[in-house]
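Subject: Model for you to look at

Hi,

Here is the structure I promised to send over. Could you open it next to this email and follow along?

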Amino acid sequence: MHDHRPHEGAPSTGGPTPKRVVPIRGEITEIVGALSSGRTSHLVACLRDVVSRCETAALVDTDETFDPAFASQAGVDLRRLLWVRCGGHRDVALRAADMLVRCPGFALVALDLGERVPRLSTTLAFRLKFAVRRTDVALLIVGRRRLTGSSAALAIETLREGIEWAGPGPVPTRLARVRTTTRVLRSRHAASGWSPSLWWSA
Amino acid sequence: MSRFGCVLVEHFDAAAVERCEPALRESPLAIINASAPTGKIKTVLEANAEAREQGVRPGMTETEARARCPMLVTRPWVEEYVVAARDALLEAALAVSPRIEDGGAGLVYVDTVGLERLIGDPASIGRRLVHQARAVGLPARVGLAVSRTAARVAAARATGAVTVIPPGRERAALARAPLAALDLTPDLAATLARWGARTLGELAALPRDGLAMRLGPAGLRAHDLALGLDRDPFRPWTPPPFWEEAQGLEWEIDSIGALALVLETVLERLGQRLAAVALTADALEVRLGLASGGYHARAVSLAYPMGEVKPMLTLLVLDLEAHPPQAPVTRVAVSAHPIRTSAGQGGLWQPPAPVPRDLVSMLARLAALVGAENLGSPVLGDSHRPDDFTMLAFSPPVELEPSDHRGPRGWRSPRQNPATPDEPEHRLALRRTRPASRVDVETAGERPARVDARHVVACAGPWRASGEWWDAEAWARDEWDVVLGDGALCRLARDRLTGHWYLDGVYD
């Protein structure tokens, strides 16, 4: 039995668009955006949410850009995270994600495709969609552009709004925080629109 | 009073082969010395009960045996078969009693004292021993008596599976047994035969003082054995740390697919032995004999203790596909490192997690896809050096609340580190560049102005860091956070030892 209701924090019908992306179990969620728009921070926050519930998560890292130190500072229990590094090979990353979503028991499988998102046929996208539904895993895909088209239940675009610097004097010495916002590109449950801004601390 | 059981497997070399090829159990089977030098006549070393019914006996030439039994099936004597079957029989007995003694090939003595309260009367203990031996593929007969010799003679002469000699009835039970049942030295047996003692009853009737005077200690020992008394110490057997099963092949195998079928057979036997004593394996070692004369050995860590054949086979096959043997395979041996795992179940409120059986198979497939070094859980190093981590095999903790609240070094549970006002909930992530790429930076004063010909819109820094200055691995750097003209928010680092600039990563 699959519960396809949106989880807490996910876009709900008629409600305001939430600040944070929360992937839906048994569905595909996509986060797209330009570099430095906050999409990876959303990804790490999703990983943190899952492992803090003592569940298991997997990250397919296409370009090996995941930083475990930053993730640990963000609260990710690294023991519950399976990190798969693909050396820049997009096809390998897709096959690894396909294997992972077919293994029941993972709460979240994240696929970070980086800047170069490959083309995915509709057939393969539907395969992923049905595999995810069968195992009730949440598949989160992060990249520059969308991958799975209409197979995704939720697609979010991230946008950077501002930067705050910090320092003891007039000249800043450190990045303080970054403000981002999200826009729903596609959702079965929520109306499209911009969400309130969210600050990410450096 | 001590009580012993004797587990006896007749025609053991033939039984060891039948254990590996169960289809041979209904056929007359002879084991021949195939390794005899060229020109030497091959002789029968052992024959099973069906072959013996048709007159085949050890010591015959293969030609004579085939003349007596045209349907005779022959197999070469393979040491691995016998060793594995012998170990399997010992482990089967060990599953019933913690004190057993290796009496030789196909013979195990079991100390049954105290087992009555666990299992029942002696007949029930005997049936349990027979059942355990059959579970590992060996047909056994069991005798139970107050001495090992009496138990062995009872097992050897019995027609049923279990024979029990009541206490005090040993002499009567042994009286009809031939003198050969005692395995006496040939000289002593010949001397006793000259005296007219052909059965144990006749030997027991001889005057003890006279035997001591004429034959010395050997005569007294033979007399004791005939009376059903054991004077030899009990030598307990303990299982070796590695358990092995092997299979010799009559043909060469040069494909992993065909090898997988043989591996499955071997693993099934190994799994039966482990299951018989409630053990699981956490590592396997496969040793392939090659047609070229060499060996191909692989060690496979199972990542999770298991006893199921299917995932173990998957892991072995994946490993052999990644590291195939260099020549056709003629012999297969698999050994397991056994451990004892306590049975348990997840908590009622424990969230679902991947089933270990599925997880190890999936991890092995992923390792074959991306490489084992690119798979696992990161563990942070005990250092301030940027990007200092190591990869460990993925093994998520099963407990809901960590018993050790500090956790292993580098692992930080979110429960230990909750979001607080001092540490905001949402942390910015860095997409790290690996390895850190060297960039050309133009500076204005000491602040970056252009990075690889891209204009710097804003920057903050330097954030100075250094470490391990006492070591050859010393490092020192100035970190800068910069916004480039294309909107990218990057972290740059200037190596203060070399003066080079690097792109650490991009905030995202």
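Below is what I found in it, chain by chain and then where the chains meet.

Chain A averages a pLDDT of 86, with 90% of its residues scoring at least 70. The part to watch is residues 1-16 of chain A, where the pLDDT is below 50. That stretch still has 30 contacts in the model beyond near neighbours in sequence. Where pLDDT is low, the predicted coordinates should not be read in detail.

**Chain A**

Chain A has four helices and eight strands. Going from the N terminus, the order is β-α-β-α-β-α-β-α-β-β-β-β. Of its 202 residues, 57% count as buried. If you take the contacts in chain A with a separation of 6 or more, 69% of them are between residues 24 or more positions apart.

You'll find D136(A) in the loop between helix 4 (122-135) and strand 5 (138-143) of chain A. Is D136(A) buried or partly exposed? With 18 other C-beta atoms within 10 Å, D136(A) is partly exposed, because a residue needs 20 or more to count as buried.

**The nonpolar core**

The largest nonpolar core has 195 residues, and the ones that touch the most other members are L47(A), L108(A), A110(A) and L89(B). The element that gives the most to this core is helix 4 (residues 79-94) of chain B, with nine residues. In soluble globular proteins, nonpolar side chains tend to be buried together.

Leaving aside neighbours within four places in sequence, L108(A) is in contact with P23(A), C46(A), L47(A), V50(A), A57(A), V137(A), A138(A) and L140(A).

**An open sheet in chain B**

Five strands of chain B form an open sheet with mixed pairing, in the order 5-6-1-7-8. Its edge strands are strand 5 (100-104) and strand 8 (162-164) of chain B, each of which pairs on one side only. From one strand to the next, the twist averages 20°.

At the strand 8 end, strand 7 (residues 141-145) and strand 8 of chain B run parallel and are joined by three bridges. One to look for is G143(B), whose bridge partner in strand 8 of chain B is T163(B). Helix 6 (residues 122-135) of chain B lies across strand 1 (4-8), strand 6 (107-111), strand 7 and strand 8 of chain B, and makes an angle of about 150° with strand 8 of chain B.

**Further along chain B**

Strand 19 of chain B pairs on both sides. Strand 18 of chain B is antiparallel to strand 19 of chain B over nine bridges, with G467(B) opposite W475(B). Strand 20 (residues 489-495) of chain B is also antiparallel to strand 19 of chain B, through seven bridges, and there V482(B) stands opposite C490(B). Strand 19 of chain B is mostly covered, with seven of its ten residues buried. In the hairpin of strands 19 and 20 of chain B, four residues lie between the strands, and G487(B) takes a positive phi near 95°.

E468(B) also has a positive phi, of about 50°, without being a glycine. E468(B) is in the loop between strand 18 and strand 19 (475-484) of chain B, and with 13 C-beta neighbours inside 10 Å it counts as partly exposed.

There are cis peptide bonds to check too. The bond joining R434(B) and P435(B) is cis, with omega about -10°, and P435(B) sits in strand 15 (residues 430-439) of chain B. The bond from G461(B) to P462(B) is cis as well, with omega near 0°; P462(B) is in strand 18 (residues 454-467) of chain B.

**Where A and B meet**

The contact takes 59 residues from chain A and 51 from chain B. On the chain B side, helix 15 (356-370) of chain B is among the elements that give two or more residues, and its seven residues are the largest share. By class, that side has 33 nonpolar, nine polar and nine charged residues.

The chains also pair strand to strand: strand 3 (residues 81-85) of chain A and strand 13 of chain B run antiparallel, joined by two bridges. In that pair, W83(A) has G376(B) as its bridge partner.

Cheers

Technical notes: Residues are numbered from 1 along each chain as its sequence is written. Chains are lettered from A and ligands numbered from 1 in the order in which they are written. This is a predicted model: local features need pLDDT of at least 70, side-chain atom pairs count only at pLDDT 80 or more; totals for chains, interfaces and linings use all residues. A residue is buried if 20 or more other C-beta atoms lie within 10 Å of its own, exposed if 12 or fewer, and partly exposed in between; C-beta atoms are placed from the backbone. Two residues are in contact if their C-beta atoms, placed from the backbone, lie within 7 Å. Ala, Val, Leu, Ile, Met, Phe, Trp, Tyr, Cys and Pro count as nonpolar, Asp, Glu, Lys and Arg as charged, and the others, Gly among them, as polar. Two strands pair if DSSP finds at least two bridges between them. A nonpolar core is a set of buried Ala, Val, Leu, Ile, Met, Phe, Trp, Tyr and Cys residues joined through C-beta atoms within 7 Å. pLDDT is the predictor's confidence in each residue, from 0 to 100. Axes are lines fitted to C-alpha atoms, for helices over the stretch in contact, and angles run from 0 to 180 degrees between N-to-C directions.
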